[in-house]
2 protein chains.
Amino acid sequence: MKPVEGRKRIVIEEVQPQVNCGRYPVKRILGDVVTITCAAFGDGHDHVAARVLYRQEGEPRWRIATLAPLGNDLWSASFIVDQLGPWQYTIQAWIDHFDTWCDDLKKRLAAQPDPNNPAPGAQPQDIPLALRSGALLLEQTAARAKGPDAKQLEDIVTSLRWMADQNAALYENPITEEIRALAARYPDLSFVTKFERDLILWVDRERARYSTWYELFPRSASPDPARHGTLNDVAARIPEIAAMGFDVLYMPPIHPIGVAFRKGPNNSVTAQPGDYGSPWAIGAAEGGHKAILPELGTVADFKNLVATAQKNSMELALDIAFQCSPDHPWVKEHPEWFIIRPDGSIQYAENPPKKYQDIYPLNFESPDWRGLWEELHSVFAYWIRHGVHIFRVDNPHTKALPFWEWCIAEIHKDHPEVIFLAEAFTRPHVMYSLAKAGFSQSYTYFTWRTGKDELQQYFEEITKPPVTDFFHPNIWPNTPDILHASLQTGGRPAFMQRFILAATLGANYGIYGPAFELCEGRPAKPNSEEYLDSEKYQLRHWDRSASHSIAPLITTVNKIRRENPALQNDLSLHFHPVDNSQILCYSKSSTKDGIENTILVAINIDPAHEQSGWIELDLKHLGIAHDQVFDVEDLLTGTHYQWNGRSNYVALRPDVMPAHILRVTRK
Amino acid sequence: MKPVEGRKRIVIEEVQPQVNCGRYPVKRILGDVVTITCAAFGDGHDHVAARVLYRQEGEPRWRIATLAPLGNDLWSASFIVDQLGPWQYTIQAWIDHFDTWCDDLKKRLAAQPDPNNPAPGAQPQDIPLALRSGALLLEQTAARAKGPDAKQLEDIVTSLRWMADQNAALYENPITEEIRALAARYPDLSFVTKFERDLILWVDRERARYSTWYELFPRSASPDPARHGTLNDVAARIPEIAAMGFDVLYMPPIHPIGVAFRKGPNNSVTAQPGDYGSPWAIGAAEGGHKAILPELGTVADFKNLVATAQKNSMELALDIAFQCSPDHPWVKEHPEWFIIRPDGSIQYAENPPKKYQDIYPLNFESPDWRGLWEELHSVFAYWIRHGVHIFRVDNPHTKALPFWEWCIAEIHKDHPEVIFLAEAFTRPHVMYSLAKAGFSQSYTYFTWRTGKDELQQYFEEITKPPVTDFFHPNIWPNTPDILHASLQTGGRPAFMQRFILAATLGANYGIYGPAFELCEGRPAKPNSEEYLDSEKYQLRHWDRSASHSIAPLITTVNKIRRENPALQNDLSLHFHPVDNSQILCYSKSSTKDGIENTILVAINIDPAHEQSGWIELDLKHLGIAHDQVFDVEDLLTGTHYQWNGRSNYVALRPDVMPAHILRVTRK
């Protein structure tokens with residue numbers, strides 16, 4: 001079957017960026033310069049013109065960015081995204097007959113034989129006829145133009161025809177760059193080709209790419225070890241956490257905790273009276289996902305906490321864990337949202353031989369999946385109404401991906417500022433799919449990547465396109481669920497190392513705070529990643545004034561992050577070779593207002609020994625000449641070094657300070 | 001907005017092969033095993049099952065190939081394409097609850113505490129309840145099954161429930177591999193996910209991938225130098241061309257040649273009486289693209305030629321050049337198919353200062369583009385009716401790409417066997433786009449790739465996916481338009497070298513025959529790629545019995561190609577390092593009926609000097625152990641060599657024989 005219009009002669013392909021052939025949005029941050037590239041070409045030798053059409057979703061008219069040719073039929077254009085939310089972009093390309101004609105005329109004029117000195121064999125180039133062809137094209141252009149432009153184009157038409165009438169032997173080229181530019185403003189789009197798909201782009205706020213998270217259990221926030229912590233206790237601690245340089249305060253679930261099958265300390269299956277249970281066993285007589293555990297306080301206390309955070313330039317992140325204790329109101333009200341076993345009972349979480357009888361998973365194949373989706377969505381909506389704009393979602397990979405795609409889009413319709421962090425530690429396709437479905441940030445495998453090669457390889461994957469087009473990593477050296485073996489055995493140096501890696505490799509990073517600051521490394525049992533006496537099951541009192549605390553280092557590094565835009569992005573991450581398998585070296589850079597900021601990190605990842613070695617800097621990447629002397633300042637100590645050329649020596653003692661964080665100054 | 005069915009929990013992505021996200025068909029050859037890979041995964045830990053649906057376009061029902069897991073959520077399946085023409089394929093994936101349950105039961109049975117010897121802390125695993133869950137799933141399976149399978153499934157249900165009723169302390173696993181396989185035949189597709197697109201696949205016949213072309217000008221086919229050659233003369237020559245091992249005989253346009261602005265010998269602008277003009281200046285009083293130049297013969301002669309070719313296991317390829325001489329009937333009948341200049345005249349081909357007044361290009365922006373498309377299509381249809389199934393299309397890149405996409409699809413509807421060779425020497429995107437639009441084969445840049453590195457780099461590009469998914473190269477060392485400088489200066493050794501490269505690097509190759517065999521290297525003028533006294537403008541008499549002819553080499557190599565399936569594909573091409581920049585070494589292989597055929601070529605590309613060097617064979621690629629002695633037979637000479645391990649020495653004299661074509665035998 002013939003196309004409706006067979007004269008659309010341009011092919012447009014290789015449009016970048018695109019995620020899954022346009023199935024999912026490309027992600028960018030407010031204020032980003034978005035660069036679009038594509039291939040666009042037609043048959044024959046006619047000139048092609050092309051442009052990007054882009055707009056915020058819902059804008060009635062496309063905005064336009066002219067594509068510039070890169071050679072070999074490739075094109076590039078950029079635009080700035082100046083609003084949060086969904087954008088669209090696509091490509092238009094067409095044959096530019098007037099531009100083709102301009103070059104044809106130029107060639108003719110150059111080849112036209114001089115009547116006084118004709119080259120042998122040179123033929124007349126039919127200039128008058130060519131001028132009339134051009135006049136015709138400009139006449140059509142004038143008809144598309146408006147106001148003074150139309151008049152000006154008409155005058156040029158008249159002048160070209162007058163020239164043609166002269167029938168001269170030689171002509172000056174009447175076409176100036178100004179005329180070409182004027183004509184280009186009114187292209188002939190009769191046979192324009194539009195790329196087959198309007199691609200989608202999602203614009204997040206800055207904090208989706210650059211954020212600094214502190215996790216604490218409100219249950220342990222009381223200054224009095226004998227008392228259950230409250231939201232007010234958390235509010236009281238906010239100024240000191242803000243002073244450490246954190247901008248997101250994240251709390252595990254704050255909802256009523258189930259009584260049935262409640263877990264005791266160290267995950268014991270039988271709780272004693274007075275045990276508080278796990279905050280992730282959500283729901284009790286007092287309510288479910290929209291209620292607050294009475295011990296923590298009231299809705300009014302929560303509002304006060306939000307306000308206190310705001311006053312201290314911090315944001316609150318809530319943990320949304322879509323699972324229920326047997327006492328959750330949904331269990332009675334909506335048993336159809338759970339899996340019913342042949343004996344009529346509700347299926348609890350199991351991974352034989354393990355039983356988690358305190359947890360009922362939701363059934364995303366429920367006949368009432370629509371009702372379930374609405375209710376889950378309303379949980380986010382509820383807390384957004386209470387001032388929360390960041391959610392850490394627990395185990396999103398055990399809930400249906402289509403649900404997330406719908407739910408996040410639905411929330412984002414009214415609240416494009418909301419950030420969702422996916423707490424998924426699962427297979428790579430699923431991790432990435434959650435990001436594609438809409439999660440703004442994601443936990444990563446960093447926690448288990450401890451060797452030099454595996455760290456470098458993993459970060460090269462997650463900080464480069466195509467992954468960066470949809471995935472923002474958030475780097476955690478620990479979580480309440482993961483105390484990695486390296487922290488169990490490495491002592492304080494290991495905590496310093498893993499902290500510096502997280503905070504400088506990742507523009508987003510976070511720590512499960514009190515345990516991390518105080519270098520808590522005792523596992524529940526050998527070969528376990530669970531903490532001993534985990535806050536998940538009991539209150540803990542943390543002596544934050546202990547002398548071995550690494551809080552001062554954390555404070556310093558967060559300040560460095562804030563003062564150096566280089567550390568506020570991941571895309572610029574670049575590794576430099578070091579001749580020691582225990583030392584990593586990498587740089588990040590950023591340009592703002594024309595000033596380039598470059599940070600170079602050299603870190604010893606061996607917690608037990610001093611390591612030294614020669615860094616072979618990729619000077620070209622750093623924009624430094626091979627024989628240049630340049631200044632590096634260690635921002636951890638304030639010491640300046642004069643470095644010279646590519647080979648530079650470092651020696652790092654893990655017990656003193658395992659890393660240099662160097663600001664590079666090019667003279 | 002919620003999806004229609006929110007319980008489709010699987011994501012399918014990374015489906016391979018795909019060309020431009022499914023916009024164009026993937027190409028394969030009749031009998032090929034097509035391997036499809038994809039990623040398919042869901043949330044949580046439920047087991048996933050997946051399959052490829054495929055069919056010839058128009059078949060009412062999909063055929064099914066079960067996808068096997070490759071690990072990490074990747075899957076693979078293969079099927080054989082057993083009919084020419086268009087095929088479709090897509091992916092289905094779903095949660096396999098029964099399979100999930102089988103593994104769950106296995107874990108429970110393993111964890112069930114032995115009542116006589118209970119492990120400390122072991123809990124009962126609720127086996128009876130689990131058996132009832134499985135019975136429920138199998139009951140649903142039975143309801144989907146038919147005949148004896150349904151009965152058998154119902155019996156298993158009964159037996160599972162009977163077991164559950166026993167309430168035993170320990171159980172044997174009742175689920176056998178046979179039961180799993182039986183249940184898998186009746187999957188629950190209620191919430192099946194289908195990949196968002198039906199992908200398309202085009203199946204060509206073998207000759208699209210493996211063909212051997214000989215080009216000659218019928219005007220020079222007469223044994224009598226004084227007489228214009230005829231189609232009958234060509235027919236008389238066919239047995240000897242077939243004996244040389246060619247299977248496609250390709251002739252430049254055979255249509256009436258225009259009189260207006262006819263070109264004389266050596267492209268002189270003024271033809272003399274008796275000059276025959278260029279066959280590409282198509283159309284005269286006697287007719288256009290559906291007529292035969294009277295000097296060549298009649299339609300009956302043409303039919304005889306087709307029959308003679310067939311008798312000799314050859315096919316005729318016609319040259320279709322969509323352009324007109326000023327005398328073409330279309331010019332009078334359809335002036336609207338051409339570009340009309342402001343003075344009312346028709347625009348001839350021009351590239352200032354050059355004028356080609358004997359050629360009128362067609363205007364693909366004609367208001368009557370539909371009429372033009374139909375007429376051009378009818379040219380192919382006409383010659384197909386006269387027994388032609390291969391077309392070499394002249395300069396397809398100067399005709400609109402949407403036209404080709406429509407026209408080739410239209411022809412292929414009734415004639416999927418038709419092969420189109422694109423004679424495009426233009427920018428890479430346009431070359432590839434013609435292949436995507438439907439051209440079966442394409443000329444290449446080989447003619448201008450003479451150095452070792454550029455040859456290797458280019459062939460690595462065009463013989464690997466994604467290019468091989470849509471592009472079949474056809475390798476020509478010369479054409480009537482291109483006598484490369486290396487052939488002008490390199491003498492007979494250069495012709496031998498370029499021939500062997502073409503015939504062994506490309507499963508499809510061709511030569512502009514008589515000129516090539518006889519090592520015709522004289523250019524029209526210095527720095528020109530035009531032949532002196534080109535057949536494009538005059539008759540030539542070729543003395544094919546001349547002693548310097550390389551016809552014997554050509555015959556030998558064509559025989560080697562025919563006898564060695566390794567040389568009948570491009571995908572297996574693999575280069576091996578040689579420590580001499582003038583020697584290339586590469587292998588190809590093929591497995592047919594379980595027997596592997598491997599050919600290794602070592603070739604000196606310096607026409608002036610003997611070159612020798614050490615080949616470092618990629619033994620792993622060849623399937624040879626590092627210390628193995630193996631036999632190689634030079635099929636050009638019949639000499640056997642014992643080679644040993646990876647380093648092997650070659651010395652090649654270009655004047656004697658610039659290459660070894662070695663058949664590798666693994667003991």
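This is a predicted model: local features need pLDDT of at least 70, side-chain atom pairs count only at pLDDT 80 or more; totals for chains, interfaces and linings use all residues.
Chain A can be laid on chain B with an RMSD of 0.1 Å by a turn of 180° and a shift of 0.0 Å along the axis, so the two copies are related as by a two-fold rotation axis. Between chain A and chain B an area of about 6100 Å² is buried.

**The two copies and their contact**

- In chain A, the C-alpha that lies nearest the axis belongs to A:Cys21, at 3.0 Å from it.
- The same surface serves both copies, since 100% of the contact residues of chain A recur in chain B.
- On the two sides of this contact, 74 residues of chain A touch 74 residues of chain B.
- Carbon and sulfur atoms give 52% of the area buried between chain A and chain B, and on the side of chain A the residues that lose the most area to chain B are A:Lys2, A:Glu365 and A:His429, together 13% of what that side buries.
- The count of salt bridges between chain A and chain B is 12; a salt bridge between the chains is formed by B:Lys2 with A:Glu374, where the closest N and O atoms are 2.4 Å apart.

**The parallel sheet of chain B**

- In chain B, seven strands with parallel pairing form an open sheet, and their order is β20-β19-β18-β13-β12-β11-β21.
- The edges of this sheet are β20 (441–442) and β21 (508–512) of chain B, each of which pairs on one side only.
- Within chain B, strand β13 (residues 315–320) runs parallel to strand β18 (residues 390–394), and four bridges join them; here B:Asp319 stands opposite B:Arg392 in β18(B).

**An enclosed strand in chain A**

- Strand β19 (residues 419–423) of chain A has five of its five residues buried, so it is largely enclosed by the rest of the structure.
- In a regular strand the side chains alternate between the two faces of the sheet.
- In β19(A) both faces are covered, with A:Ile419, A:Leu421 and A:Glu423 buried on one side and A:Phe420 and A:Ala422 buried on the other.
- Strand β18 (residues 390–394) of chain A runs parallel to β19(A) and is joined to it by five bridges, and A:Val393 stands opposite A:Ala422 in β19(A).

**The antiparallel sheet of chain B**

- Six strands of chain B form an open sheet with antiparallel pairing, in the order β22-β23-β24-β29-β26-β27.
- At the edges of this sheet stand β22 (574–575) and β27 (640–644) of chain B, each pairing on one side only.
- Strand β26 (residues 629–634) of chain B pairs with β27(B) in the antiparallel sense over five bridges, and B:Phe630 has B:Trp643 in β27(B) as its bridge partner.

- In helix α11 (residues 452–462) of chain B, the residues B:Lys452, B:Leu455, B:Tyr458, B:Phe459 and B:Ile462 are buried, and because they cover an arc of only 145° around the axis, they lie on the same side of α11(B).
- On the other side of α11(B), B:Asp453 and B:Gln457 are exposed.
- The elements that cover the buried residues of α11(B) include α10 (428–437), α12 (485–505), β22 and β23 (583–592) of chain B.
- Of these covering elements, β22 and β23 of chain B also belong to the antiparallel sheet described above.

Methods
Residues are numbered from 1 along each chain as its sequence is written. Chains are lettered from A and ligands numbered from 1 in the order in which they are written. Side-chain values use heavy atoms; hydrogens and water are left out. Two strands pair if DSSP finds at least two bridges between them. Helices (H or I, at least four residues) and strands (E, at least two) are DSSP runs, numbered from the N terminus. Copies are superposed by least squares on the C-alpha atoms of residues with pLDDT of at least 70 in both. Contact means heavy atoms within 4.5 Å. Buried means under 20% relative accessible area, exposed over 50%, partly exposed in between (1.4 Å probe, protein chains only). The arc is that of the directions from the helix axis to the C-beta atoms. Buried area is the accessible area (1.4 Å probe) that two parts lose on being put together, summed over both. A salt bridge is a side-chain nitrogen of Lys or Arg within 4 Å of a carboxyl oxygen of Asp or Glu.
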